[in-house]
Amino acid sequence: MSFLIKRIYDEPDPGDGFRVLVDRLWPRGVAKERAELDLWLQEVAPSPELRTWFGHRADRFAEFAARYTAELDGNPAVDVLRQAGREHPTVTLLYSAKDPKINNAVVLADYLHGT
């Protein structure tokens, strides 16, 4: 299974394979047609409470990653992504956060590669 991450604001590419938006909220300024999504899996995103607490603050990222991982442990939406990984050679997890290193897709990709 190959899980990549990419910002949804970047141009779609055939190398993205199966494209999954892993944010709970639709990204601002992105037309649904332009997104070229195969799936919007809102249920795999961090809980609203966790997302609000995190606020994309670098000093909270380690704690965010630990809390989000705990949420993923009991989340059936993770199985949907695992199945997509079995059915497609490449699955790209799309996110809207500005920082490519501190966002939920980074944690999710690490989680999927580790399981």
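**Aromatic pairs and a buried arginine**

Phe-64 is buried, with a relative accessible area of 1%. In this predicted model, Tyr-68 is likewise buried, at a relative accessible area of 0%, and both residues belong to helix 3, which spans residues 61-73.

**Aromatic rings**
- The count of aromatic pairs comes to 5; in the pair of Phe-64 and Tyr-68, the ring centres lie 5.6 Å apart and the planes meet at 25°, so this pair is stacked, given that planes under 30 degrees apart count as stacked.
- Phe-64 and Tyr-68 are separated by 4 residues, which corresponds to about one turn of the helix.
- One aromatic cluster is formed by Phe-54, Phe-61, Phe-64 and Tyr-68.

**Charges over rings**
- Over the ring of Trp-53 sits the charged end of Arg-67, at 4.1 Å from the ring centre.
- Lys-32 lies over the face of Trp-26, and its distance from the ring centre is 5.1 Å.

**Arg-19 and its surroundings**
- Arg-19 is placed in strand 2, residues 18-21, and is buried, with a relative accessible area of 3%.
- The side chain of Arg-19 makes a polar contact with the side chain of Asp-16 at 2.5 Å, and the Arg-19 side chain also reaches the backbone oxygen of Glu-36 at 3.1 Å.
- When neighbours within four places in sequence are left aside, the residues in contact with Arg-19 include Lys-6, Pro-12, Asp-13, Ala-35, Glu-36, Leu-37, Thr-92 and Leu-94.

Methods
Residues are numbered from 1 along each chain as its sequence is written. This is a predicted model: local features need pLDDT of at least 70, side-chain atom pairs count only at pLDDT 80 or more; totals for chains, interfaces and linings use all residues. Side-chain values use heavy atoms; hydrogens and water are left out. Rings of Phe, Tyr and Trp (its six-membered ring) pair if their centres lie within 6.5 Å; planes under 30 degrees apart count as stacked, over 60 as edge-to-face and the rest as tilted. Helices (H or I, at least four residues) and strands (E, at least two) are DSSP runs, numbered from the N terminus. Buried means under 20% relative accessible area, exposed over 50%, partly exposed in between (1.4 Å probe, protein chains only). A charge sits over a ring if NZ of Lys or CZ of Arg is within 6 Å of the ring centre and within 35 degrees of the ring normal. A polar contact is a pair of N or O atoms within 3.5 Å; within protein, one must be able to donate a hydrogen and the other to accept it, and residues adjacent in sequence count only if both atoms are side-chain atoms. Contact means heavy atoms within 4.5 Å.
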